[in-house]
Amino acid sequence: VAVAMRDGHSPARDLVVHRGGTHRPVVLSVSATRLADLGPFGAGAGAVLLHRDVTADRSHRDQLAAFAGVVAHDLRGPLSSVRGWLELGLSELHGPAGSPGVGADVAPLLGRALESAARMDALIEALLLHASSSDRLLRPTEVSLGEVVTEVSALYDVDAVVVGDLPPVCADIVLVRQLLANLVGNAAKYVADGVRPRVTVEAHRAGDEVEVWV
């Protein structure tokens with residue numbers, strides 16, 4: 001309430017209420033908004049305090065985060081082994097420095113497999129971030145939209161066409177990458193058979209914001 005009276009609004013935050021005995025704690029999402037006038041219920045300024053029971057929602061979120069953590073751990077072990085063996089195979093094919101190497105027709109195939117393993121590792125990381133993004137703090141920094149678009153386009157192996165210069169933005173790079181990866185990933189997934197996805201990205205400033213079209 002004190003924050004709302006000072007700033008006009010207090011963003012929602014979780015409050016754990018312990019009721020004692022055998023009752024489980026209740027998680028309340030609490031927010032407040034300042035009112036300039038309490039009339040006809042009182043005189044002067046005041047605040048409206050909103051409590052919302054989010055116990056079930058938070059329990060589900062914690063279970064999802066725990067599941068994602070287990071999946072990420074269990075998948076990354078064998079995936080790291082696969083990437084290691086592929087890198088070793090490529091180094092053996094290329095041979096010592098200065099030698100022509102062997103298996104020139106096989107090396108590109110192993111390279112593609114290694115790229116696929118790297119994409120799978122990035123998808124596992126995205127799964128973990130998606131599970132934990134609802135309660136993580138925003139960490140805004142200067143983000144190059146062009147670099148992020150190039151990165152996620154390579155991840156999903158699609159042709160990205162950037163229209164004009166994409167201005168830098170002040171944002172959380174993890175969540176911006178996740179957002180663009182979802183959009184580009186949909187473009188790669190929902191496409192007719194035999195058609196290579198082509199994604200066009202453009203952006204321009206609108207006041208203190210940047211509008212992006214994908």
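Visitor: What pattern does the protein follow when read along the sequence?

Guide: Helices (H or I, at least four residues) and strands (E, at least two) are DSSP runs, numbered from the N terminus. In this predicted model, the order is α-β-β-β-α-α-β-α-β-β-α-β-β, with five helices and eight strands. Residues are numbered from 1 along each chain as its sequence is written. Because the model is predicted, local features need pLDDT of at least 70 and side-chain atom pairs count only at pLDDT 80 or more, while totals for chains, interfaces and linings use all residues; side-chain values use heavy atoms, without hydrogens and water.

Visitor: Which residues touch the most other members of the largest nonpolar core?

Guide: Such a core is a set of buried Ala, Val, Leu, Ile, Met, Phe, Trp, Tyr and Cys residues joined through side-chain atoms within 4.5 Å; buried means under 20% relative accessible area with a 1.4 Å probe, protein chains only. In the largest core, of 16 residues, they are Leu 145, Val 152, Leu 166 and Leu 180. Helix 4 (145-156), strand 6 (169-172), helix 5 (173-189) and strand 7 (198-206) each supply at least two residues of this core.

Conventions
Buried < 20%, exposed > 50% of the residue type's maximum accessible area, 1.4 Å probe, protein only.
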